[in-house]
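Please look over the model shown here, with attention to its sheets and to the surroundings of its ligand.

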Amino acid sequence: MNLPSDVIDRLVLPNAIHEFVLEVKMDNGKKKLFNAFRIQHNNNLGPYKGGIRFHQNVSRDEVQALATLMSIKCAVAGLPYGGGKGGIIFNPKECSEKELERITVAFGKAISPIIGPEIDVPAPDVNTNGQIMKWLTDEYIKNSSSKSKFKKSQLRATFTGKMLSEGGTLGRTEATGRGGVAITEALLEKLGKKRSEMKVAVQGFGNVGFYYAKIAIERGMSVIAVSDSKGGVTGTEELDIDQIMKCKKEKGEVAGCYCVGGVCDISKGKKITNAQLLELPVDILVPAALENVINKENMSKIQAKIIIEMANGPISEEAYDYLTKKGVLIVPDVLANSGGVAVSYLEWYQNMKGQTWSEEKVNKKLHSMMKDAFEEIWQTYKKRKSSLKQAAFETAIGRMLKK
Ligand code: NAD
């Protein structure tokens, strides 16, 4: 983009790094200290937005990098938000429910002065969920309602990813997968390809992979391979995603669950490893599990001509360059999986306006937001003849600087 170095320096550095030491009473009566962060990267486009993660490997550098990526993702999706991220260094699986609540509330108290519906809007991330958001929201409202110009119901907009009973929105659970399918459809339209002719393989059968696969089929594509951490299945027929989920719940894994038209029978299909799934001769490959699964070891074996990055960073930089040069179209994660944060924005919007939307209305709005986001990046991509990732970052940075 030929930006001057002072502008680049400013974009790289976050606006604020908040570090906290939380002192929490544990079940054994002793106090324990926890290190926590909230990093606010850039708010040129609107309030900071980004999740809070609870994990023993959380570090300041990681939170800062993730906050930066949230600035890019929100700008790519055309949202009036900047980027932020937070985290506490601990393993929540080693705590009792009561300890988890006390740690969360201590963090809520610490961040109360630096967040708010128009300042910084956190959300769930690794190991955090609607219950954690409820504890945080209650603590925030307790600390701020007397000083705030907002009604209590609007103060709830300070957190998204809330349970429905707490002001959450319909459509959030499926949003990332649904948004990814909307982006895929927009790409196919540009390429003049028919959805009904697309064979798709999806790696990962969690929230993102499951809904991507299910909605892709609803929208006319044919998903012929899926997998979870233990391996997967493939065959010649379109899979029955709901039936595979039922079978996975019984068997504990996707491998062995070859289900077509309501019937599961592995002898009609084939068990595959995760490595084999990535190398299948499909039209569209959707890595929706982990980072760096497509790398220099396997990049030459990838046969799909379109890859939709639903996981964060599933393709290493080297593999991205190699595949792009080979003519593979890769929709970058900052665009492909931005449906989740887009619906978080719709949750925030409903809370602020005192509205409750139907699921249909949320889905429709998400679809049009994703289509618009794709269109802009596609135009930049065409003009600059670069990769979609380059186009997405240029569009995002351009928006952040213009404001
Ligand atoms: P999840 O925990 O619900 O599911 C992860 C899935 O990946 C599970 O099915 C697991 O079995 C599978 N998996 C683990 N190791 C694997 C391996 N080696 N090979 C194949 N599959 C493996 O997580 P999720 O919410 O679906 O998130 C998946 C990815 O999408 C992550 O990179 C996440 O950061 C990203 N993402 C999620 C959201 C969201 O709204 N949930 C939004 C943006 C990005």
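Which polar backbone atom is 3.0 Å from an oxygen atom of the ligand? One such atom belongs to Gly206, at 3.0 Å from a ligand oxygen. This is a predicted model, in which local features need pLDDT of at least 70 and side-chain atom pairs count only at pLDDT 80 or more, while totals for chains, interfaces and linings use all residues. Residues are numbered from 1 along each chain as its sequence is written, and side-chain values use heavy atoms, with hydrogens and water left out.

**Ligand surroundings**

- A polar backbone atom of Ser229 lies 3.0 Å from an oxygen atom of the ligand, and an N or O atom in the side chain of Asn274 lies 3.0 Å from a ligand nitrogen.
- Taken alone, the ligand exposes 830 Å², of which the protein buries 67% (areas by the Shrake-Rupley method with a 1.4 Å probe).

**The sheet of 5 strands**

- Strands here are DSSP runs of E with at least two residues, and helices are runs of H or I with at least four, numbered from the N terminus; two strands pair if DSSP finds at least two bridges between them.
- An open sheet with mixed pairing has the strand order S1-S2-S4-S3-S5. Strand S1 (16–25) and strand S5 (120–124) are at its edges with a single partner strand each, so one side of each has no neighbour in the sheet.
- S1 and strand S2 (residues 31–42) run antiparallel and are joined by 10 bridges, and Glu23 stands opposite Leu33 in S2.
- Helix H3 (residues 97–111) packs on this sheet, touching S1, S2, strand S3 (48–55) and strand S4 (83–89), with contact meaning heavy atoms within 4.5 Å.

**The sheet of 7 strands**

- A further open sheet, also with mixed pairing, is ordered S11-S8-S7-S6-S12-S13-S14, and its edge strands, S11 (270–272) and S14 (329–331), each pair on one side only.
- Strand S6 (residues 199–203) and strand S12 (residues 284–287) run parallel and are joined by 4 bridges, with Leu285 in S12 as the bridge partner of Ala201.

How values were computed:
Axes fitted to C-alpha atoms, helices over the stretch in contact; angles between N-to-C directions. Polar contact = N/O pair within 3.5 Å; in protein donor to acceptor, adjacent residues only side chain to side chain.
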